[in-house]
Amino acid sequence: MSTNTDLTKGQKDADRLAKIDFKMISFTLAGKDYGIDILKVKEIRKAGNFTKVPNTPVFVRGVDNLRGDIIPIIDLRTMFNLPAETKDKESQENIVILRLESLVLGIVVDTIEKVVGFSFGSIQPPHPIFGDINIKYISGVVENAGRLYIILDVDRIFGEPEEPAETHSENVPGQPEASAAVAVEAPQGAEVPLDLQFVAETLQAFGQFHLSPLNRGWVSARLEDWKKSRKERGLDFQLTQKDEAEEFLLKFASPGSGRLWSAEDVASLSELLSFSSPSLTVWNPGCGRGYESYSLAMLFQTRFSGKAYKIWASDNDLLSISTAPSLILDDDEVELPWREFTVQTKNGLQFNSDIKARIVFEFHDLNHLNPLSEVHLVVVRDVISFLRTPDQEKLLTEISEKVRPGGYLVLGTNERLEHPEWKSIGQGTWSVYQKI
Amino acid sequence: MRVEYINPFVEAAYNVLTEVLATDVKRGNLFLKSATKPVMGVAAIVGLAGEVEGRVLFDMNKQTATKIASVMNMEELTEIDDLVKATISELANMITAQAVTKLHELGFKFDLTPPALITGDNMEISDQEVEALIVPMDTPHGSIEINVAVRERS
């Protein structure tokens, strides 16, 4: 019996050896065997100490100098959410250099094994149970010398620029090496306490408020207060209705929203800012009815009067934004120092044409592209927290791209940003960040 | 999409359609769109150039186009022939021209290109770079979508 199977096996091996028409480089990721078509591989090498590039996805380890060519280095383990042992900066990593149609790049893997050759016909279609990698990135599975190799489709993985980012959301959250991006997309993961998770879900449903690292500090603190005050009233802390969610969020709003800023507020904010460029671009997304944008215009008019500045204000609420260009003010809304910027019209007080000419109000959805390229100041208070969590991340990346070093980002009073590119310089009600 | 641009287009579309069709026209809710959008079958495009650049697209299905052309020409038309094409182009021209006139009065200076008419099935229009404002107009002959994508020249 055994001789018989050995014979057939030997026969099969002989058949396969007879027509080796597919070769691949085999390597391991988290203890599993993988392969990449050898025709896609330029070379293999050891390298380390890559030059980190700011503002790239976590799986990009940096760039490396390959005999004069600068190539990106991507950590396949991070990209696919597999555990990777952290090595110190100086140590050498195993790199497979790939040559794809449009680019040359290096991927970091655990160990590189050998070149395996076999018949192309013996590759079997992928099956979902074969690995931790999304099935659409696998071109097939092959058995060779008693080992099962998963052949990766590198063209699919690296071919389209959008694809790698998507792998995060498609992977199962809670992997041991959950990267920063994954943590943002799945804030309700295991590490969020259960009651916070419940509250976050109801806030999302009733208040369109999305828990994220930006507002988590405030929500946690508010939850403690909320529990206390609800207990005093003999109520459960759970939010069950829309008005409860609104009450919970009431204190989230930054002071001074929905009206013109006071002279003290303007003074304290302008002390935090300084600009060297003679012409400034200010971006004010989510401006609502325009109070914030006009307040900013008055800040620039009083404190930076020598600068040519333009404020790009936008909102996706058509009703609010339509009234913004000709905002009517009540007499008691306008503090004395601001009177000089207004004119009396038959409908009431309005800002003068000088101020109006400085602001462009746009009907715009923040999830869409916008043409601004270089911005010196972004004022986006209590807006980002109301976007979907992945969109929040996207917008913050966009802001980081658009703002030049030295530029500023003003968030809502209760919003905090933890980012290596941004330094917190805020105080009091102002949550201000400067780009490094 | 600058707020000041919205109303002239909405008003012009409403005025011109009400006048040429001599019937009630209802305006649907405005919305923004930036991704690829399918075109219903007959699309007239008018380009804008100057201080403001972009394009206005008038999108409707073939049936609506023939019916509107029939009313405007006061004769029964049944298929998309040259007369229908010329009529729809003219309609696009009238609406855009009236909007631009209103915008000129507000101080925005720019010119129009002659309208281009595109017909066919399964068409899509993509302008990745610009966000488009969609103004849906409901007429008894079918609905027309006016798709305005303009931006300040930066």
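Q: In this predicted model, which residue just after H2(B) takes a positive phi?
A: That residue is Met74(B), and its phi is about 55°.

Q: How do you know that the span of helix H2 of chain B agrees with its number of residues?
A: Let's work it through. H2(B) covers residues 62-73, which is 12 residues. The expected span is 1.5 Å times one less than the number of residues, so H2(B) should span 16 Å. Its end C-alpha atoms are 16 Å apart, and therefore the two values agree.

Q: Which residues of H2(B) are buried, and what do the buried residues pack against?
A: The buried ones are Ala65(B), Thr66(B), Lys67(B), Ile68(B) and Ala69(B). The buried residues of H2(B) pack against H1, strands E4 (42-50) and E5 (52-60), helix H3 (82-105) and E10 of chain B.

Q: Why is Glu93(A) called buried?
A: A residue is buried if 20 or more other C-beta atoms lie within 10 Å of its own. Glu93(A) has 21 such neighbours, so Glu93(A) counts as buried. You can find Glu93(A) in strand E6 of chain A, residues 93-99.

Q: How far apart are Glu93(A) and Lys46(A), in sequence and in space?
A: In sequence they are 47 residues apart, while in space their C-alpha atoms are 5.4 Å apart.

Q: What makes up the largest nonpolar core?
A: The largest one has 87 residues. Those touching the most other members are Val282(A), Val378(A), Leu409(A), Ala13(B), Ile146(B) and Val148(B). H3(B) gives the largest share of this core, 8 residues. A second, separate core has 36 residues, including Leu82(A) and Tyr149(A).

Q: Which residues does Ile146(B) touch?
A: Leaving out residues up to four places away in sequence, Ile146(B) touches Phe9(B), Ala13(B), Val56(B), Phe58(B), Val135(B) and Met137(B).

Q: How many residues does each chain bring to the contact between chain B and chain A?
A: Chain B brings 15 residues and chain A brings 15 residues. On the chain B side, helix H1 (3-21) and strand E10 (142-152) each supply at least two. H1(B) gives the most, with 3 residues. That side of chain B divides into 6 nonpolar, 3 polar and 6 charged residues.

Q: How many helices and strands are there in chain B, and what pattern do they follow?
A: Chain B has 3 helices and 10 strands. Along the sequence, the pattern is α-β-β-β-β-β-α-α-β-β-β-β-β. Of the 154 residues in chain B, 34% are buried.

Terms used:
Residues numbered from 1 in each chain as written. Chains lettered and ligands numbered in written order. Predicted model: local features only at pLDDT ≥ 70, side-chain atom pairs only at ≥ 80, totals over all residues. Helix = DSSP H or I, 4+ residues; strand = E, 2+ residues; numbered from the N terminus. Buried ≥ 20, exposed ≤ 12 C-beta atoms within 10 Å, placed from the backbone. Contact = placed C-beta atoms within 7 Å. Nonpolar A, V, L, I, M, F, W, Y, C, P; charged D, E, K, R; others polar. Core = buried A, V, L, I, M, F, W, Y, C linked by C-beta atoms within 7 Å.
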